[in-house]
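Me: Please pick one loop of this structure and look at it closely. Then take me through the rest of the model from there.

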Amino acid sequence: NSCSIISCLIKGLPVDATENILSQNGIIVRAGLHCAPLAHRFLNTLPEGTVRFSVSYFTDDKDFDLLRKVLKRIVTEL
């Protein structure tokens, strides 16, 4: 009856660039403050925010495999 949210930053890459790369590879995320500026202040992620992945019942191993592959490629190419 619940779902998980995972937020991240990739050092050296703005969140909007990360969002664009992931989107171009079929991974839909949201980038920014996510209507939670106090949480971002606590996490010290102001003013840019983070990249947010929403995980649900419908997220399967193929989704995580694709995410892992694309994130690895992003980090390798930095």
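Reply:
**A loop and what follows**

Histidine 34 counts as buried, because its relative accessibility is 17% (buried is under 20% relative accessible area, exposed over 50%, partly exposed in between, with a 1.4 Å probe and protein chains only). This is a predicted model, in which local features need pLDDT of at least 70, side-chain atom pairs count only at pLDDT 80 or more, and totals for chains, interfaces and linings use all residues. Residues are numbered from 1 along each chain as its sequence is written, and side-chain values use heavy atoms, with hydrogens and water left out.

Histidine 34 sits in the loop between strand S2 (30–32) and H2. Helices (H or I, at least four residues) and strands (E, at least two) are DSSP runs, numbered from the N terminus. The backbone of histidine 34 has phi near 55°, a positive value in a residue other than glycine. Cysteine 35 belongs to the loop between S2 and H2. Its phi is near 60°, again positive in a residue other than glycine. Cysteine 35 is exposed, because its relative accessibility is 81%.

What of cysteine 8? Cysteine 8 is partly exposed, because its relative accessible area is 22%. The model has zero disulfides, a disulfide being a pair of cysteine sulfur atoms within 2.5 Å.

Next comes helix H2 (residues 37–43), which holds alanine 39. Alanine 39 is partly exposed, because its relative accessibility is 41%. Glycine 49 is ten residues away in sequence, with 9.5 Å between the two C-alpha atoms. The loop between H2 and S3 contains proline 47. The peptide bond into proline 47 from leucine 46 is cis, with omega near 0°.

Strand S3 (residues 50–55) includes serine 54. Arginine 30 lies 24 residues from serine 54 in sequence, yet 8.7 Å away from C-alpha to C-alpha. Beyond its neighbours within four places in sequence, serine 54 contacts Ser4, Ile5 and Thr59; contact means heavy atoms within 4.5 Å.

Of its 13 lining residues, Ile27, Ile28, Ser54, Thr59 and Asp63 lie nearest the centre. S3 and helix H3 (61–77) are the elements that give two or more residues to this lining. H3 gives the most, four residues. The pocket holds about 240 Å³ of space. On a 1 Å grid over the protein atoms alone, a pocket is an open set of points where a 1.4 Å probe fits, with protein on both sides within 12 Å along at least five of seven lines; lining residues have an atom within 4 Å of a point. Points are joined across faces, edges and corners, and the volume is the space filled by probe spheres set on them. The lining has nine nonpolar, three polar and one charged residues. Here Ala, Val, Leu, Ile, Met, Phe, Trp, Tyr, Cys and Pro are nonpolar, Asp, Glu, Lys and Arg charged, and the others, Gly among them, polar.

Ile27 is also in the largest nonpolar core, which has eleven residues, including Leu22, Phe53 and Leu67. Helix H1 (15–24), S3 and H3 each give two or more residues to this core. H3 supplies the largest share, three residues. Such a core is a set of buried Ala, Val, Leu, Ile, Met, Phe, Trp, Tyr and Cys residues joined through side-chain atoms within 4.5 Å. Leucine 67 touches Leu22, Ile27 and Phe53, leaving out residues up to four places away in sequence.
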